[in-house]
Amino acid sequence: MMKFKRLFLLLTFTALMISCKKDENLKSKTTATTKINVNFQEKLPTKKSDSLTLFTVTLYQRNDLMDAFISVSDLYTDSLSIPADIIKNQKKMSFEKLRHFDLDDNYRKKMLNALQLTENDSVYIYNYDLNKLTTISINKLKSVAYLTPYASEGEDIYEYYYMLGFQLEAQKKWEDIFEKNNHTVASFGRENPFIENEMVPIHWKIIKPNDYTNKIFSNSKLIKGNIYEFRNNKLTYYLQDYKAEEAITRRQLMVVDHDKNIVFEKTYLNDGEGQEFTAISGLETEDGFNSQWTGSLFKNKPPIIFGFTSESFGCSSVAFMDKTSPEIYINCDNRH
């Protein structure tokens, strides 16, 4: 599937250190970074539902080595989620101790209860590039708190500066931890929600407009730019650039079947601030790096497609290629 560049940092997922997917350079790698939520508002614990809840894997640098963990702070935002002594005695503690600590049994239980998880549940982590599924029982994972790297030594620390979650690995070299945790998506529960070996990277090629593409891309007053094509099984994917003052401001995706019926369409915007286009796989990326993916990822759900934009102030989502299923938001604890 996809052989990702070793220096690309993620997906969210490069020096980061935390989870949001941001493609910093069209010809290079992606940098994951965590940002402080300045407009933080406490939310009630999220109740479990039949809907699928997804998370990214976050890499965090400590002492020149890396930790990998899954933050659940997008859902678990209790103001009493860490010991009060941490905040009260912060001026007496070293900054290194403030940056990372394990949660004791009481705070671990509080977090599990809020997420409606038990020690008998598992986390399922699927690397769709390497086609590797990792299953870990929650009772084998430490519950941890990591201070956002945007916090500076000496400044006042508040409860919501912490990313809370479950540690997957600790103090590993970058080269030993990055590739297996890049291009992954995770979910907690009792059953594995993922389908294996059904995701494919999209490799685009530029084509000349024709009567059919002129027909399906006919509604915009913007200037048309490049049009790209990708074929996979019985589906053909078209991606049309639209320009305003020489800058690409919109991309429109159309997926059609062998009878030329449109089975999926979506418009992506580049506002230059909160949302930007990712590189076009195979054309604007180095060998081995793919931005866009499609295929079947979840059991009992339609095929998906994703990877067209990166979010500065939020998290990415995956779109189902049907006309009824809503997109699934991937919790990434993106702070700014």
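Five helices and 21 strands make up the secondary structure of this chain. Keep in mind that what we are looking at is a predicted model. The chain has 336 residues, and 53% of them count as buried.

The largest nonpolar core has 45 residues. Which residues have the most contacts inside it? They are Ile70, Ile82, Tyr162, Phe166 and Phe188. By element, the largest share of this core comes from strand S8, residues 162–172, which supplies 5 residues. There is also a second, separate core, this one of 17 residues, and Tyr128, Phe194, Ile304 and Val318 are among them.

Let me stay with Phe188 for a moment. Leaving aside residues up to four places away in sequence, Phe188 touches Phe55, Ile70, Val72, Leu117, Ser122, Val123, Ile138 and Phe166. Two of the names in that list, Ile70 and Phe166, are also given among the residues with the most contacts in the largest core.

Now helix H4, which covers residues 174–181. Its buried residues are Trp174, Ile177, Phe178 and Asn181. Why do we say that they lie on the same side of H4? Because they cover an arc of only 100° around the axis. What covers these buried residues includes several strands: S2 at 58–62, S3 at 65–71, S5 at 122–127, S8, and S9 at 184–189. After H4 comes His183, and its phi is positive, near 55°.

Where is Thr118 placed? Thr118 is in the loop between helix H3, residues 105–115, and strand S5. With residues up to four places away in sequence not counted, Thr118 touches Ile138 and Arg190. Thr118 and Ile138 are 20 residues apart in sequence, and their C-alpha atoms are 7.6 Å apart in space. Ile138 has already come up, as one of the residues that Phe188 touches.

On to the cysteines. How many disulfides does a search of the whole structure find? The search finds 1. The disulfide is formed by Cys315 and Cys332, with the sulfur atoms 2.0 Å apart. About the S-S bond the angle is -90°, and the link is left-handed. The two cysteines are 17 residues apart, and the pair links distant parts of the chain. Cys315 sits in the loop between strand S19, residues 309–311, and strand S20, residues 317–320. Cys332 sits in the segment after strand S21, residues 328–331. Are these cysteines buried or exposed? Cys315 has 9% relative accessibility, so it counts as buried. Cys332 is buried as well, with a relative accessible area of 5%.

Last, Asp333, which is also found in the segment after S21. Asp333 counts as buried because its relative accessibility is 3%, and the limit is under 20%. Which side chains make polar contacts with the side chain of Asp333? One is Ser71, where the contact is 2.6 Å. Another is Arg335, where the contact is 2.7 Å. Ser71 takes us back to S3, residues 65–71, one of the strands that cover the buried residues of H4.

Definitions and conventions
Residues are numbered from 1 along each chain as its sequence is written. This is a predicted model: local features need pLDDT of at least 70, side-chain atom pairs count only at pLDDT 80 or more; totals for chains, interfaces and linings use all residues. Side-chain values use heavy atoms; hydrogens and water are left out. A nonpolar core is a set of buried Ala, Val, Leu, Ile, Met, Phe, Trp, Tyr and Cys residues joined through side-chain atoms within 4.5 Å. Buried means under 20% relative accessible area, exposed over 50%, partly exposed in between (1.4 Å probe, protein chains only). Helices (H or I, at least four residues) and strands (E, at least two) are DSSP runs, numbered from the N terminus. Contact means heavy atoms within 4.5 Å. A disulfide is a pair of cysteine sulfur atoms within 2.5 Å. A polar contact is a pair of N or O atoms within 3.5 Å; within protein, one must be able to donate a hydrogen and the other to accept it, and residues adjacent in sequence count only if both atoms are side-chain atoms. The arc is that of the directions from the helix axis to the C-beta atoms.
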